[in-house]
Amino acid sequence: MKTTMLFSIAGIAVFFIGLYCLMAYRHLLKKIIAVNVMGTGVFLFIVSIAARANILQPDPVPHAMVLTGIVVTVSATAFGLALFKRIYYETGKPYLDNEDK
Amino acid sequence: MDALMPVLVFLTSLLTGIFIFLLGEEQRAIRTFLNIAGATVKMVLVGIIIWGVFHEHSYESRFTVIAGIDLVLRVDALSVLFVTLSSILWFLTTIYAIGYLEGSPNRSRFFGFFSLCVASTMGIAMAGNLFTFFLFYEVLTLTTYPLVVHRGTEKALKAGKTYLIYTLTGGAVLLFGVVWLYILAGPTEFSQAGSLEHIGAEHYHLLKIIFVLLIAGLGVKAALVPLHGWLPEAMVAPAPVSALFHAVAVVKAGAFGIVRIIYNVYGIEFASMLGLTTSLAAVAAITIIYGSLKALQQDDIKKRLAYSTVSQIAYIVLGIAIVGKIATIGGIVHIVHQGIMKITLFLCAGNLAETLGLRSINQINGVGRRMPFTMAAFTVAALGMIGIPPMAGFITKWYLGIGAVQAGQTWVVAVLASSSLLNAAYFLPIVYSAWFKESSISWLENNRSGRFETGLLLLLPPLVTALLTILAGLFAASSFSPLDWAKLIAFREYRE
Amino acid sequence: MPLADQWMVWSIIIPLIGAAIFFLLKERHHTIIVIISLLTLLSTAGLAFNVWKTGSQFHYAGGWQPPLGIVLYADGMSILMMLMTALVGLSISLYALRYFSDKRSLKFFLPLWFFLWASLNALFLSGDIFNIYVTLELLSLSAVALVTVSSQQDTSQRRDAVFAGMRYLLISMIGSLCYLLGVALLYAGYGVLDLKLLSEVIAPSPSVFAAITFITIGLLIKTALFPLHFWLPPAHANAPAPVSAVLSGLVVKASFYLLVRLWFGVFSFALSSESGLFFGLLGASGILWGSFFALRQKTIKMLIAYSTVAQIGYMFLLFPLAADMPSLWGAMAMNAGIYHLISHAFAKSSLFLCSGNIILAFGHNRIDGIGGIAKHYPLTFSALGLSGLGIIGLPISGGFIAKWQFLTASIGSGQWWWAVIIITGSLMAAVYIYIIWSRIFAPLENDIVLNPVPKSMEILALFLSLISIFMGLTAEPVLQMLHIGRHF
């Protein structure tokens, strides 16, 4: 019980770390990674739920949720990277800020 | 059929407008045909309605918008007065406009909006409750805006801007009042003697606030001082538009709304019990004097006429605000009388400007010899405005004066007298110079004039309305005259 | 199961199939586009008809019952959203055919657009909170991708679109993940995802309130409520016109729809006058902020985009006014909010299509250079005029009906300050719409060569604006539909 609680808390912490990085860094690659970190935090949290009721017979629904979530995040990341590439080629800079154009 | 009649009257203008929009710019013959046909059909329908209302038919069309809120078109005696006035004047103005705009661009757009504007006036005239009235009141703003800016010049756009600022703000204030009243009193149907008497005394202060909101909203279009600022600027619109604005559409809609609020929403007795009518009478009196004084200072003919409208419309409001049957007759009949006189003046002014390029009063010397018919019509209407018998304007002032005395408000007589003097002071010099002075400058002749002093289409409408001005005064006592209808309305209002 | 019962499934599957087909097709095939769009419309209409006749409906995907199965649920509110989507969608599909002159951008546009349509329908029908997450993500990803579909040859504009897309992607990922975290918190507490089951067991607790907070923030980001609106104007203004129409007209509405559904459904215990006030204040600030910035824009699309920020604000006034739902005024405010949402969808998408026509005709959309529209493009001119009425909320448009009900609800329930905001907002809207109107009457500037605009594009813009006007007369049936099977 204690371990899963720890996972839950860690998950939420990771989510906020990701959010912080997303806000704090200007480099787009870092931002994209930050989004993934946020996602991982949420997934960790969800997985931790699955084990709460009975550690030997985990709830399958959260797994399905995480799998779906991962698929979504992967595709979003792929698209983000494609956009990043485009931005980098067009401006020569990996930033979003307009004044750096 | 009776339930369909108001819708049909409304549709004659709406459909005319929509079809005209669909026409190409060059399909002049079809457009003219549509215009004339629409106006004619409408006059026939209105004729049937007049007969019906006289024989106590009731015409009502109803459509539920949301539960508790109906769109109602209903014809009562007051609607008939306004509907008749607008359908006749629309017909004449359309003819005038066809002549006036010959050869100018964007005529499809012009006539389309022209018809839509009349359609919304019809809606206002036949609105059976406050919601419907508000609806068409706002639509009127929107359909008239394109007419104000029709020429597309910087000046026109600026005037349009002023117009929208005034009317939309007024509309917002009105909406506030309408919604508030709706919450307090439910769907406010226009009824013979008002529909608010059942409201408890604890709400009286709210009713007063709402009254102020409503009158302020309507006062913008009715050009009550100090809400009149848009009117002189809007003079930049083409002449037929100005004529329609001042005689039937915009200004009249505001005045008509005030009549509706006092008679059919609050009820005249209830309103005077709340003490609302006295202050309204004061506003009207100030407007009458102020408008006349400003008119005196104008050199531009159309602007002088515009300020004259400011003051003349306030007669209608004054007639209602003096509580009493006789004054009511005077106020209501002025809806018609002011309409026919003012449209004559504007059409004549349009003729002067179109034919001779003459816009300012100091150029007018001797123009009576060049354009005798136009100036004759102008003179008739101007004398009517001053209130000289037997013109229509005399009837108005007579009833207002007697009514004021009867109601014990003698101060109104002083207002009437001084305003008549002022009217004379700003109209007579024009008339005098036109007929009796030698022309000092050469006019900018353009090739409008054919066999007559100007195009026939431009000449006939003001002559007809001038004739109406005389007839309405001469035959005021006969049945079916405007005065007769006004009496009918007043009798019904005062339940005799 | 007979075909007629499957309308719900068809309304999702048909656009999905369409999207797949358009991925594979090399050439553009107009007939297929029209057929897929019409079929989607048809299935929506079929579903609407069923719901109208027999009330709200459930569909258990694969025959599995919740809590394990996924449930689709159609009631009056979802039907209205789907019908709105279908009508706007059909117009967008036809419009795009002409708008994207080069084959390449149309090839990118079509599959993404039909994915978006499918995910909208799926979202409106979703009956469980995780499925909502999935549809929300599908929606966001296709929307972001659509922003970057660009037919502009101009590199700086293309660059702006990519920038806007990137910002939109990041922000909407934050929104989605917030939402997902909220879902996870709820699942941790109750072990169910189905909305109906959840509403039976949910009870106030700290973790539930945390979940509600995350879910709400996530959805507010996607709805672009002030002060989370900053991403919207660049994204909506830099996208191609038909995409802007979809984004402003439909996409932001989807997350708002979820907020209403959740707050007046499962979270209704949390809806108090305080939380209502919170939404109301943000909404009011959005109205004023959006309108103010709309006034300062130099291009039509930016102006319209800021107007969307303001109009979203109106929808949120629903929360303070309808917080005491069973009351007469509360019900009226609910009607007002939904009616505003729908009529805004038509008016706004029409405006964006008009802006597309203007860009095609003039090669730009700077407000000071669009004189001559009234004369040369009368249909676009009419569309601009009519949809402008809808945005300001003047009679006889649907926007007016919504505004009337909002005003009645706010004065009637004694919260007159919202009425002041509403009227102020309308006057400001009148001013920014006027900025466009005043220019279209101006004469054409000299030495400008106008490009021809396909008639169909003009007619489609006019079509949408006419719907927004006719909504002034259709309130009664629409609001009756809204009340079918409503949970709240």
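This is a predicted model: local features need pLDDT of at least 70, side-chain atom pairs count only at pLDDT 80 or more; totals for chains, interfaces and linings use all residues.

Trainee: Okay. How many residues of chain A are in contact with chain C?
Mentor: 27 residues of chain A are in contact with 22 residues of chain C.

Trainee: Which helices of chain A supply that side?
Mentor: Helix H1 (2–24), helix H2 (28–50) and H3 of chain A each supply at least two residues. The largest share comes from H3(A), with 14 residues.

Trainee: And what classes are the residues on the side of chain A that touches chain C?
Mentor: There are 18 nonpolar, six polar and three charged residues on that side of chain A.

Trainee: Now chain B. How many of its residues are in contact with chain C?
Mentor: 24 residues of chain B are in contact with 27 residues of chain C. Strand S1 (59–66), helix H5 (130–148) and helix H6 (154–185) of chain B each give at least two residues to that side. H6(B) has the largest share, 13 residues. By class, that side of chain B has 16 nonpolar, five polar and three charged residues.

Trainee: Back to H3(A). At what angle does it pack with helix H6 of chain C?
Mentor: About 165°, with the axes 10 Å apart.

Trainee: Can we look at one residue? Where is A:Val42?
Mentor: A:Val42 is in helix H2 of chain A.

Trainee: Buried or exposed, A:Val42?
Mentor: Buried, because 28 other C-beta atoms lie within 10 Å of its own. The cut-off for buried is 20 or more.

Trainee: Let's go inside chain C. How do helix H10 and helix H14 of chain C pack?
Mentor: H10(C), residues 241–263, and H14(C), residues 328–362, pack at about 160°, with axes 7 Å apart. That makes H10(C) roughly antiparallel to H14(C). The crossing of H10(C) and H14(C) is right-handed.

Trainee: Which residues make that contact between H10(C) and H14(C)?
Mentor: Among them are C:Ala245, C:Leu250 and C:Phe256 of H10(C). H14(C) gives C:Leu341, C:Phe352 and C:Ile359, among others. By class, the contact of H10(C) with H14(C) has 10 nonpolar, six polar and two charged residues.

Trainee: What about strands in chain C? How many bridges join S1(C) to S2(C)?
Mentor: Four bridges, and the two strands run antiparallel. C:Tyr60 stands opposite C:Val71 in S2(C).

Trainee: Which way do the residues of S2(C) point?
Mentor: C:Val71 and C:Tyr73 point one way, while C:Leu72 and C:Ala74 point the other way. All of them are buried.

Trainee: Which residues does a cis peptide bond join in chain B?
Mentor: B:Pro389 and B:Pro390, with omega about 5°. B:Pro390 lies in the loop between helix H16 (372–386) and helix H17 (392–406) of chain B.

Trainee: And in chain C, which residues does a cis peptide bond join?
Mentor: C:Pro395 and C:Ile396, with omega about 0°. C:Ile396 lies in the loop between helix H16 (378–392) and helix H17 (398–412) of chain C.

Trainee: What about phi of B:Ala223?
Mentor: Phi of B:Ala223 is near 60°, a positive value in a residue other than glycine. B:Ala223 sits in the loop between helix H7 (204–222) and helix H8 (230–233) of chain B. B:Ala223 counts as buried, with 29 C-beta neighbours inside 10 Å.

Trainee: And phi of C:Ala224?
Mentor: Near 65°, again a positive value in a residue other than glycine. C:Ala224 is in the loop between helix H8 (206–223) and helix H9 (232–238) of chain C. C:Ala224 is buried, with 30 other C-beta atoms within 10 Å.

Conventions
Residues are numbered from 1 along each chain as its sequence is written. Chains are lettered from A and ligands numbered from 1 in the order in which they are written. Axes are lines fitted to C-alpha atoms, for helices over the stretch in contact, and angles run from 0 to 180 degrees between N-to-C directions. Two residues are in contact if their C-beta atoms, placed from the backbone, lie within 7 Å. Ala, Val, Leu, Ile, Met, Phe, Trp, Tyr, Cys and Pro count as nonpolar, Asp, Glu, Lys and Arg as charged, and the others, Gly among them, as polar. A residue is buried if 20 or more other C-beta atoms lie within 10 Å of its own, exposed if 12 or fewer, and partly exposed in between; C-beta atoms are placed from the backbone. Two strands pair if DSSP finds at least two bridges between them. Angles under 35 degrees count as roughly parallel, over 145 as roughly antiparallel, 65 to 115 as roughly perpendicular and the rest as oblique. A crossing is left-handed if the near helix is turned anticlockwise from the far one by less than a right angle, and right-handed if clockwise.
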